[in-house]
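Please read the following note with the sequence and the model at hand.

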Amino acid sequence: MGINVSRQTDLASNVLLQQFVGRSHIAPDDEFWAKLLNYNITMPENTQDQLNLDSRLESLCQSFISNNLKTGNFGSLITVFLTKTSELLSLSDQESNMHIWQTFNALFIIRSLVKYITETGSEFQLLQHFEAMPNEEFLKAEEEAAAASGSHPESTAIAVEATENDDPSATLKAAAAAAAVMVDGSKFETFIDAIFNLIVVIPVKEFTYHLHLEAVNTLITLLSVHLFTQQPTEKSIIFRTVYKCQHANVLMSALLHFVARLVEVPQTMFGSSSAGSFVFGIAESLLSIFSFRKQQDVLSTQHSTGAELSQQFRLHYPLANQSLLLILILTNHCTTKENSYRSSLFGCADSKDVASKDGATFHIDFGAVYETLCRIVTIDQATLLLYLLLHRNERFYRFVMAQQDLEKLVTPILQTLYHAPDSTSHHIYMSLIVLLILSEDDGFNKNVHNIMLKNITWYTERTISEISLGGLLILVVIRTIQYNMLKMRDKYLHTNCLAALANMSGQFRNLHPYVAQRLISLFETLAKKHTRLDAQLKEPVNSAVFVNVSTTPEDMLQDLTVLEEVLRMVLEILNSCLSNQLVYCPNLVYTLLYKRSVFEGFRSHHAFQDIIQNIDMVVGFFSSRLQRVQEQRGELGVNEVFEVISKGASQWSSDRLRKFPDLKFKYVEEDAPEEFFIPYVWTLVCKYGCVHFSSESIKGVTTEISC
């Protein structure tokens, strides 16, 4: 004890590591393991840290691959880990501190080797290494070699390692010969059960935090086999083993509790007594994710971008971050068959709701889940979890709809949409879909106009001292539509934006003057574009309009058709508001009177004629009243105009308007959702997770991944 090896360059020549990956079998009950597992580690924080560590371990890992199928040392390490895990369950806090430290160290070595084999080999090879045991002939030969040299097997192994033969092909042939190892998966299944036990049974305390984190990281690393193979998940032994678990409810419950509780990472690993007392440090010179000072609130959505908040979340709450990612992996794979993890998440209930005690897969404090999601919803993976809960868990949806502080959830989502250029298209989609799902509830659509917000500093289009949450939602969605028109030109995004506004339109109330202006300006902008496109299509084919061969008349006609659909929807939104809430929307009436000319070119258009008649009827009614008052009093000021509108609205009857079907849109997940969600989830794991994978080896995900 007391010897620290602080230089990574010493790893390849470390005697204990050389013996572990060498040519001698080490029995599970050998004293060697007590020596090997007494080390201190600083976890890799980023991709560069991981690359540095991987490069130092490269030669050791290669020796491991060459020798382990004969020595079975990995199996011995697994046995040691399983023994220590089972012992942990019966130890007190005072007894288990050292035990937890060594269990963590064993698991970190296991995960490092699993990661190396997964990135460089195949799933079958990985399972071979799990199950490999030395045969009798190998053990006999080893004993004879030790006797001939007059030394113990331990020193023999080190000597052999130091005089590695110069013919690498001989090593490969020997490894191939040992590849006859039978893979029945029994030890691997036992290992998975032990990982589940660590996560579920052992309580999260300061000195167990990193063990829980390592257990979650190990599961993610095992499931990452999906990244490095083209074979379907259904054929993966690893996936089949993980997904046939009988304890999906308790695992999903534990993971969601880790997310909801937001326990901050301790300043030191395994308590202060562990510092400076271990045999050697594996990555001492790396920056540690465990050495920062605690802050009162490290997650600040007011002044942080989504990327900055993701970084804060990963650094300060790595267990919550990794647990969230593991939830997404488990629930989005294997969706076409029975997925007990998916069913568990969608069937959980609020622990404080007495009426939901029956039929729930597990119980959790929905209030804690809601509060955490409000804090981190601008993070990609949090938005995806929120989507899954709202879309699939009816109990959670009803819980959210009953909240009186919806601005805590909705405002950060709007902030994400407002800063669309800083987010991925997937994140924008999911944020919009969440708004669409929320807008399916009439209570939500009514409540958002009763919640008043002040000084929204991130909204910089115009200074607004006070606005309703509903008004802000309308402004941001309109801005998203206009951004999409200029940058993305995505019909699917338009559809979701307009569907959310349409669902809300029957409950529009007390619209801010600027909101009313933006609604009409949206139609005006689209109308001008329609007029230009229509004029270009009527030009002769050989005119200058079609000099650019990339813009054909067929393309322009398709754009015009899409544009007309959008224009029609905007008119239906305006009509829905006027039909249901005219008396509560004087600012919209005022803006319609002021901007009545924008509708002139569409009154005779077959696609808009019927619905513009309603808008014209409203404009005509209030125009005539204003004209009569103006004839009596002379020129009217703004306040007098609003007085006339207010009085006229009290006498207006919506029965005069032509009836149109209520605007009600419901989000429906498309067929084969896994084609969208699985690549998306693994992109998030690689981009925001604490485990860093080799991007050069990735095969199984087509989405662009930056590890």
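1. A polar contact is a pair of N or O atoms within 3.5 Å; within protein, one atom must be able to donate a hydrogen and the other to accept it, and residues adjacent in sequence count only if both atoms are side-chain atoms. With this term in place, one may turn to asparagine 393, whose side chain reaches the backbone oxygen of leucine 345 at 3.0 Å.

2. The model is predicted: local features need pLDDT of at least 70, side-chain atom pairs count only at pLDDT 80 or more, and totals for chains, interfaces and linings use all residues. Residues are numbered from 1 along each chain as its sequence is written, and side-chain values use heavy atoms, with hydrogens and water left out.

3. Where does asparagine 393 lie? It is found in the loop between α18 (380-392) and α19 (394-401); helices (H or I, at least four residues) and strands (E, at least two) are DSSP runs, numbered from the N terminus. At the start of α19, a side-chain oxygen of asparagine 393 comes to within 3.1 Å of the backbone nitrogen of arginine 395.

4. Is asparagine 393 buried or exposed? Its relative accessibility is 0%, so asparagine 393 counts as buried; the term buried means under 20% relative accessible area, exposed over 50%, and partly exposed in between (1.4 Å probe, protein chains only). Leaving aside neighbours within four places in sequence, asparagine 393 is in contact (heavy atoms within 4.5 Å) with Leu345, Phe346, Gly347, Cys348, Phe366 and Leu388. The C-alpha atoms of asparagine 393 and alanine 349 are separated by 8.6 Å, although these residues are 44 residues apart along the chain.

5. The helix α19 has Phe396, Tyr397, Phe399, Val400 and Met401 as its buried residues. These pack against β3 (349-350), α17 (366-376), α18, α20, α21 (425-438) and α22 (442-447).

6. Threonine 416 is part of helix α20 (residues 407-418). With 5% relative accessibility, threonine 416 counts as buried. Not counting residues up to four places away in sequence, threonine 416 touches Thr378, Ser423, His427, Ile428 and Ser431.

7. How many disulfides does the structure hold? The number is 0, a disulfide being a pair of cysteine sulfur atoms within 2.5 Å. Cysteine 585 is buried, at a relative accessible area of 2%, and cysteine 61 is buried at 8%.

8. Grid points are joined across faces, edges and corners, and a volume is the space filled by probe spheres set on the points.

9. The whole structure has 5 cavities of 30 Å³ or more, and the largest cavity has a volume of about 160 Å³. Of the 12 residues lining the largest cavity, Leu17, Leu57, Ile109, Ser112 and Leu113 are the closest to its centre. Two or more lining residues come from each of α1 (15-21), α3 (47-71) and α5 (93-120).

10. The largest pocket has a volume of about 540 Å³. Of the 30 residues that line it, Gln50, Asp54, Lys115, Glu119 and His692 are the closest to its centre. Helix α3 gives the most to this lining, with 9 residues.

Notes. 1 Å grid on protein atoms, 1.4 Å probe; cavity = no way out; pocket = protein on both sides within 12 Å on 5 of 7 lines; lining within 4 Å.
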